[in-house]
Amino acid sequence: MNILKNPFLIIGLAALILVSIWFKNGNIMGTGESGLPFYDFSLQYETVKTTWFDYGLGGAVNVNFASSPTYYVLAQIQRLGIPTFLLQAAFFWICLFIAGSFTYKLTKELFEDIEDKYLILGVFFYWFNPITLVNVWNRFLNNYFIFFAFLPLALFLFIKGIKNRDFKYCYLFILSSAFFSYLHSSMAFNLLLWCLLFYAAFFYLLLAKNFKERFFIIKYFFSFVILWFLTNLWWIAQVFSYATSSTFHEAAESFFTSVGNYSAFSDLSSSLGRLTELFAFRNYNFFTMSDLPWFLLYNFPLIKLLSLLITFLILLGIYLGRKKSPVLFFSLLFFISLFLIKGNNYPLGEIFGWLFLNSTLMQLFRNPFEKFGFLLVLALVPLFIFSISILDKYLKRKIIFWVSAFTLVVIWGLPFWTGLVFTANYPPLNNPQTKYEVIVPKDYKDASAWLKQQKGNFKLVALPLFGEGITYNWEKGFSGIDLTNQIFPVSSVSFDTTVPFYHDIASNIQKVFFENDKFYPVMNALNAKYILVREDINWQQRKMINPQKITEELEKRARNGEFKKAATFGKLTFWENLYYKPSEIYALNNMAVISGKPQTEDLSLKQNTALLSESAGNSIGNPDNFSKIYPRSRLIIREFNQESYAPEYIFPYVSTYPDSKKYQLILIKEKIQGLFITDLKKQLDFKLQLLGKRLNETNKEVEDKNDRLLFSSLDLYFDILSDYEKLYKDYFGSVQSNQKEDIQLEQAEIFQKHLLHLSDLKNSYKENLQVSSKLDSYINNLKIVLAALEIYPQNELVVSETFPLTTRLIYKYQVPADEEYRLLIKDKELLQNFQIENPQIFLQINDSLKTITPEWTKDNLLYLGTHFLKKGENEISFNTFQPKNLIKEEDFNLQSTASDSSKGFPISNIITDRKYDISFDYLIKKGSGPMISLYNDNSVSLGEGKKIPESFVEIRPDYYDFDKKNFGFSTGALYGATSSELVFILSPWKSCGNSLLPEPEWCQDNRRSISFDRQSEISISNLLVTEQFTETPYLEKVKVESSQLKSPQITYTKISDTEYEVMVKNAEENFMLVLAQLYDTGWSLKNENGKKFGNGPILVNIFSNGWIVDKQGNYKLVLEYEPQKRLETTSKISIVTLLVITALILWKTRKAFFRK
Amino acid sequence: MKRIFSKTFLLFLFGVLLLSVLFIIYTTGLPVQSIFYWLTFIYWLVLIIVLKLSSRFSLLISLILFAISAFAYIITIANPAEEIMRIAFIGLIIGLPQAFIEYLKDYNSKSSK
């Protein structure tokens, strides 16, 4: 019985029981962003062992580098033959044990007189509470587990050291942080850890009795900071190196937008920051978005009541114990965490919102629930224990203890004891039998062995490819980040992610594979020898293209001699690129500059030619050799669509006019209103509304013939416009590039109406030349502002009967020199979906109009004439080509009386990544309106021939206008599809609710309400499904001067992932040396004496590093990734610090040792 | 007693002013919720300072409001429950730091003795 009195034994045993339940089937578990690290630690270690990782197309290792020692140790243990599931089980046991033991010790340290049984209850609170359930266990990320375990340990050591005035605890903290170095692989956790320790130091500093105590606390805290910094310098230096690298800057510019981040933060705050949910420890989104039974358990009112009762007890404990320092310590921590966890939600959320917008570090906490949840739970445990212990004392009964124990261990513990905590609401993770368990098929081991046999440093391209995530249809499947790079010994382009330059390739490679006649030049530029076709994936769930279509395309290419089937392992097939040339490092003799953003397909433009961006071309003094000029931007101006905007949206209602005495108050009110809008988009919309109001006011001024007030309103309009200009620039610069065109189009349509309104004003003053000319100057000024913002083109658009304004596309080209250029469009599918038979089309080039006859060249390019363009910016515009209707048009009627009726239309010629417009006229004759859905071949099947629709639009009957109406919408919902069907569904008119007022609840029951159903009838005509024109016309120089330089022979030895030795033979001229690893300025090329070539690499072939080598003859060069050298120095500092600290601990504990 | 009455009267006037401001804001379309919580916070703070109330007041009111809100939440009156909980939270925002300040004062006076 004495054994059971040992709290650590109880914690260890409980952890052992949990782990035994979770791993009873002998399988590893995995999901989410962590992938499957427990599959093979050696492969995992390979990706973080140096500062450069060979994953995808390579890349700089950032904060993940902190996981390197853990993977090294685990890889060594795995080599001993210990099964990986046992290692994962041991990892979980350690996390549970450390978390539990130090929760116990921390509470005991601060509340010495509380009985052990209450303290052990605290351990279960820390393990099983619903916040940890969501943030740690169900999330299933390794660094989250470790942070969860380390947090109570860190706080215990920190407080213990302060209380005992002993630096030994500081050294122990440093040693344990080295042991748990994996947790540092999240910057948010590092920041949280230091915020917690700073809070603790500050709290105890305020309680210090005298200067001596205060001085000790300051010394103690800074010892923590300095020693932690030195022992962790090895990875901190790498983080700084990454933060100053080109990759980070490019990523920040391309993918990170503070507006997008703030918007996500606001959304999460409003859903997860509800205090009623937070006080019940509930993640609202998590518990309301699944129909799994154990999720529903948390939605029972009784369970919610028990959770709220726990919070009530905690608040009562705070109230009763507010004169005790430990209670105040945790109460303040609890309150601060709660304030932060709710994000910018009410009340007073504006403080966090302001901090978020104005501090880069705060951007790490976009999901405050996920991050601050750790601190909240840490604060709650001691408060809860304190509360129930004093209440039990007060009541002189143990009732509260037993109710709490039942709630924590049985109710909250249920998903843990059953292992259901490792299930999610989507397949295959929603299967309670398999949970997160994964069995990787043996085929992968066989394929890996085969790949190892193939000599050389080649890469794979895995298809189908779309996005970051993947779902494998294995016996015990996996859903999470793509695993190809984690389970094969060869790196591959197998997923798309927001890594600069890599994303440019990965997001386009499948499109180029289908659309380019030759794919091997692209493969060679990537150093890719094989295409892996994976048929073991759930392609419907991931919106991927059917793998069968990839195989069909490869079979076609095999007949042309481009590829051959090399090996098949179960559902994995490797196709060999028959033109493969090892090309990790190679020399090129020609260079071609591409203005604008080079496309993946350009890699097959010219053989032996390095593609350079315009800036790279300028940096090497070769700006004139332009082979392609892509437009810098595209604007769209289209005929104003009355149905897109309600008139009051553009010209809002005005109740008080400038001639009113209250008008100045209205202007003040508008200013105050503006101050409270923090969201940039909402600010922009608000300014647009004010602009519309000012114009609306002019109507009355014209009626009253009050010119003074008219111009006063227009002056106010331009004052607001100057604010709008600044906001628009900030907003436009901060949104994702794929949203920019929609924003420009929306603003252009609104200002089109503003310009029209000003023109009407001008026309009404025809006879008054002075006013008319002044109005003219206002119109011109507005046009100048709109052109500067690129909402409108610089040149006035030509509009005539023969060249009407339908949908005008305006392309802006930056031309390097006065010269003749050919205008071309590359799209072999263009003829399928657009009518280009018209012999002549109008082109507006800057301010002049031309007619040209489109022609198809032998390379399948659409030639739109040769044009002389002047150096600098040029605008070329034309109306978009007339799209073909992709369905067989048919007018039809639909009727439904007893049940739903539907009519489907197959859509022909779908091109996978395009956008489509759907429009039709409809007349609701009786009852309900139709629902319109798209069912693709890659839509998720529900069985029995049913599928989940990709797009779902419902038209409701109008209560005012009963005439025939037009309806249209755009959709990108056909992604990955190769066939689709547009389906109209009509339901009977449900009149149960209208017939029986107030509506009885049983009206929701179809079986009972069916007797009230009435017939619906609709008529549909002019149904159109058309493709949007997205291809980019480019300019090509008519006279291209290409130099024919002779390239030398290159051989190389790969010393490590960060160092290559390159042998150059017979170099007769300058040449371009290319390293086919992801572009990073950390790479440098040196001669044997260590002298660098150039200032750093230039971006070549969209993603690679290139150097101009201006040396003749035979010689040796060294390519190295410089941060690796820094790592070697910083690692030595960290190791020495760690050794010194270990020696200090031994020295400090020697007395106790000898006493024993 | 006279002093307390005069202060309470001042607070009453302040409350009337606060409600008038809220009314103006509400009718002019300004973000009423945000301003309401800020004004409640200020009002509560003024109440504490003027009437020299201890942390006990704020924490007790918070606890009562919490219980009312929790009850409303359980019987699925979600929106009023959230509003009440937010006011309870404002009480914590004021009450907890106040409790800490009181503790520090008490602690320092004991230490100096």
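Predicted model: local features only at pLDDT ≥ 70, side-chain atom pairs only at ≥ 80, totals over all residues.
Me: How many aromatic pairs does a search of the whole structure find, and is the pair F803(A) and F842(A) stacked or edge-to-face?
Reply: Searching over all chains gives 137 aromatic pairs. For F803(A) and F842(A), the ring centres are 5.2 Å apart and the planes meet at 25 degrees. Planes under 30 degrees apart count as stacked, so this pair is stacked.

Me: How many residues apart in sequence are the parts that F803(A) and F842(A) tie together?
Reply: F803(A) belongs to the loop between α35 (769-788) and β17 (807-815) of chain A. F842(A) is in strand β20 (residues 841-845) of chain A, so the pair links parts separated in sequence by 39 residues.

Me: Which strands stand at the edges of the open sheet of 5 strands in chain A?
Reply: The order in this sheet of mixed pairing is β8-β5-β9-β11-β10 (chain A). Two of the strands have a single partner strand each, so one side of each has no neighbour in the sheet. Those edge strands are β8 (492-493) and β10 (563-569) of chain A.

Me: Which helix packs on the sheet, and about what angle does its direction make with that of β9(A)?
Reply: The helix touches β5 (459-463), β9, β10 and β11 of chain A. This is helix α28 (residues 547-559) of chain A, and its direction makes an angle with that of β9(A) of about 140 degrees.

Me: In which sense do β9 and β11 of chain A pair, and which residue in β11(A) does V533(A) stand opposite?
Reply: Strand β9 (residues 528-534) and strand β11 (residues 572-577) of chain A share 5 bridges, and their pairing is antiparallel.

Me: Where is S404(A) found, and which residues does S404(A) touch?
Reply: S404(A) is part of helix α21 (residues 399-412) of chain A. With 4% relative accessibility, S404(A) counts as buried. Leaving out residues up to four places away in sequence, S404(A) touches L121(A), F384(A) and I388(A).

Me: Which cysteines does a disulfide join, and is the disulfide left-handed or right-handed?
Reply: The structure holds 1 disulfide over all chains. C992(A) and C1003(A) are joined, S to S 1.8 Å. The torsion about their S-S bond is about -75 degrees, so the disulfide is left-handed.

Me: Where do C992(A) and C1003(A) lie, and how many residues apart in sequence are the parts the pair ties together?
Reply: C992(A) is in helix α37 (residues 992-995) of chain A, while C1003(A) is in the loop between α37 and α38 (1006-1009) of chain A. C992(A) is buried at 4% relative accessible area, and C1003(A) is buried at 9%. Given these places in the chain, the pair ties together parts at a sequence separation of 11 residues.

Me: Why is the sulfur of C195(A) too far for a bond with the closest cysteine sulfur?
Reply: A disulfide needs sulfur atoms within 2.5 Å. The closest cysteine sulfur to that of C195(A) is in C170(A), and it is too far for a bond because the distance is 18 Å.

Notes:
Residues numbered from 1 in each chain as written. Chains lettered and ligands numbered in written order. Heavy atoms only, no water. Phe/Tyr/Trp six-rings, centres within 6.5 Å; stacked < 30°, edge-to-face > 60°. Helix = DSSP H or I, 4+ residues; strand = E, 2+ residues; numbered from the N terminus. Pairing = 2+ DSSP bridges. Contact = heavy atoms within 4.5 Å. Axes fitted to C-alpha atoms, helices over the stretch in contact; angles between N-to-C directions. Buried < 20%, exposed > 50% of the residue type's maximum accessible area, 1.4 Å probe, protein only.
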